[in-house]
Amino acid sequence: MAYESASEPTGGRLRLPATDQMSQPPGWIADSVFYQVFPDRFARSGAAAELPHLQPWDAPPTHFGFKGGDLIGVAERLDWIEQLGCNALYLNPIFQSASNHRYHTHDYYRVDPLLGGDAAFDRLLSECRRRGVRVVLDGVFNHVGRGFYHFNHILEMGAESPFIDWFHIHGFPLRAYDQREGPARYEAWWGMPALPKLNTQNPEVREYLMQVGEFWIARGANGWRLDVPQEIATEGFWEEFRQRVRSRNPEAYLVGEIWDDANWWTASGERFDGTMNYLLCGHNVSFAGRDRIDREQAARLQYRVEELDAAGYATAVQGLIDMYPPHVLRSHLNLLGSHDTARILTVMGGDVAAVRLAALLTFTFPGAPCIYYGDEIGMLGGPDPHCRGAFPWERRSTWNEDVLAAFSSLAQLRRRSPALRRGSYEVMHAPPGQHLYVFLRVHRSERLLIGVNAGNQPAQADLGLAATGLPKRRLWGIGEATADAETLRIRIPAREGVVWQVG
């Protein structure tokens with residue numbers, strides 16, 4: 001789910017250091033490359049293919065249709081995910097629901113039968129453990145579906161239901177399906193009657209959700225991505241959730257869907273380890289895409305897009321670096337697309353070079369890169385539902401092999417490089433009015449120099465050799481580097497990027 005409101009809980013900005021294991025992000029996050037799977041659209045197993053009334057796999061996606069992707073299908077495609085360079089999964093909701101996206105939860109304790117049920121989840125989890133792939137689940141705890149037992153009980157029993165206080169009920173009869181004769185009479189997410197809002201002020205509701213969080217961590221999940229957490233304003237809710245979940249697994253990852261400044265939510269170590277880093281996504285799109293960006297698509301995005309030159313981009317990313325403590329910066333999910341945004345190649349107006357440059361910026365920034373399924377082969381699609389198409393496994397001719405090569409090689413480079421995972425970040429060249437951006441990542445003895453030319457002409461920069469070190473070898477991309485006694489001169493063709501090992 002996307003977040004619209006920009007309200008922030010009271011309390012101001014916190015800059016407290018992480019002091020113990022409970023407050024520190026898990027160490028494995030900085031070493032991870034995530035792959036986000038929308039289960040209904042990623043891969044069908046043989047069992048799912050036998051289900052009746054499924055939409056054709058290659059048909060355009062719709063809001064309500066099911067295509068039959070399931071968790072066994074995910075398990076059967078783990079080779080693909082690993083070969084791509086990913087070692088962690090973020091799964092969109094998997095619990096029983098009457099929607100293809102499953103943000104309308106019916107039962108938090110049951111994996112949706114259309115996804116293969118609990119047995120399919122256990123098989124996927126077992127196979128992921130064998131491969132060393134971690135699994136993060138989507139936690140939707142602000143609202144449920146109309147089929148959720150406690151809400152359905154109210155629909156059936158009205159004012160006599162003992163579960164009225166589980167929700168924000170304003171009168172009877174409830175109009176859960178037809179509002180032509182009046183309002184629904186209960187609070188719902190964004191006013192949608194299909195999504196009744198839970199009353200987290202009710203101790204029974206709060207305890208129920210805490211136990212859900214604990215249950216799936218104890219079952220073997222490695223963390224939670226928390227949907228619209230700003231909608232839950234109950235004091236102490238997320239602090240308790242962290243304590244309860246981390247008591248089950250001290251290495252469990254908690255990442256919030258915060259579209260803007262998430263410092264309040266992350267810096268103290270009391271709530272989340274990181275956020276879905278849409279701010280970085282917007283900066284990367286703005287610099288790499290520039291005049292290629294599809295303005296119609298950009299206007300519909302929920303993150304800010306503008307044309308940035310090198311100096312503007314440097315200022316933007318420095319703002320992010322200054323916004324978060326280093327341990328938090330390393331724990332964000334850095335993404336270029338998700339189920340809530342248009343496909344990155346669509347946003348970039350079909351320009352492959354822009355996607356490659358944005359991917360380079362993403363994979364070389366502190367934090368865990370996250371690939372939205374299908375972005376690695378250049379799938380196209382506007383906002384929901386068009387960004388949720390089925391992965392075209394049988395239509396390789398539709399894949400963009402250049403995009404695939406870029407994502408795969410960058411993921412592998414990231415996995416090999418301590419400097420990219422844990423190193424410092426220093427801007428070396430970012431002149432105003434120009435589009436060559438150069439920065440340095442350093443961790444112990446490893447030094448990587450990264451150059452990105454988002455301009456339409458070749459560009460060069462002269463850097464102080466004492467600051468950069470001599471070029472040793474080119475690790476990725478296209479560019480030339482030469483050095484004399486005091487200067488390192490780099491040249492990068494138009495719309496290209498490069499990574500050098502220096503020292």
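# Close-up views of a predicted model

**View 1. Helix H10 meets helix H15.** The axes of helix H10 (residues 278-289) and helix H15 (residues 352-363) come within 9 Å and cross at roughly 140°. That angle makes H10 oblique to H15 (angles under 35 degrees count as roughly parallel, over 145 as roughly antiparallel, 65 to 115 as roughly perpendicular and the rest as oblique). Axes here are lines fitted to C-alpha atoms, for helices over the stretch in contact, with angles running from 0 to 180 degrees between N-to-C directions. Helices (H or I, at least four residues) and strands (E, at least two) are DSSP runs, numbered from the N terminus. On the H10 side, the contact (heavy atoms within 4.5 Å) uses Asn284, Phe287, Ala288 and Gly289, and H15 brings Ala354, Leu357, Ala358, Leu361 and Thr362. Sorted by class, that gives six nonpolar, three polar and no charged residues (Ala, Val, Leu, Ile, Met, Phe, Trp, Tyr, Cys and Pro count as nonpolar, Asp, Glu, Lys and Arg as charged, and the others, Gly among them, as polar).

A quick note on what you're looking at: this is a predicted model, where local features need pLDDT of at least 70 and side-chain atom pairs count only at pLDDT 80 or more, while totals for chains, interfaces and linings use all residues. Residues are numbered from 1 along each chain as its sequence is written, and side-chain values use heavy atoms, with hydrogens and water left out.

**View 2. Helix H7 packs with helix H8.** Here H7 (residues 203-219) and H8 (residues 237-248) pack at about 30°, with their axes 9 Å apart. The two helices are therefore roughly parallel to each other. Among the residues making the contact are Arg206, Glu207 and Ile217 of H7, plus Phe237, Glu240 and Arg244 of H8. Count up the classes and you get seven nonpolar, three polar and six charged residues.

**View 3. Two tyrosines pair up.** Zoom in on tyrosine 108 and tyrosine 208: their ring centres sit 6.0 Å apart and their planes are at 70°, so the pair is edge-to-face. (Rings of Phe, Tyr and Trp, using its six-membered ring, pair if their centres lie within 6.5 Å; planes under 30 degrees apart count as stacked, over 60 as edge-to-face and the rest as tilted.) Tyrosine 108 belongs to strand S4 (residues 105-111) and tyrosine 208 to H7, so the pair ties together parts that are 100 residues apart in sequence. Both tyrosines are buried (under 20% relative accessible area; exposed is over 50%, partly exposed in between, with a 1.4 Å probe and protein chains only). The whole structure has 48 aromatic pairs.

**View 4. Isoleucine 492 in strand S17.** You'll find isoleucine 492 in S17 (residues 487-492), buried with a relative accessible area of 2%. Its C-alpha atom is separated by 7.7 Å from that of valine 452, 40 residues apart along the chain. Leaving out residues up to four places away in sequence, isoleucine 492 touches residues including Leu436, Pro458, Ile478 and Trp500.

View 5. Phenylalanine 172 and proline 173 are joined by a cis peptide bond, with omega about 0°. Aspartate 384 and proline 385 are also joined by a cis peptide bond, with omega about 15°. Valine 228 isn't a glycine, yet has a positive phi of about 30°; at 0% relative accessibility, valine 228 counts as buried.
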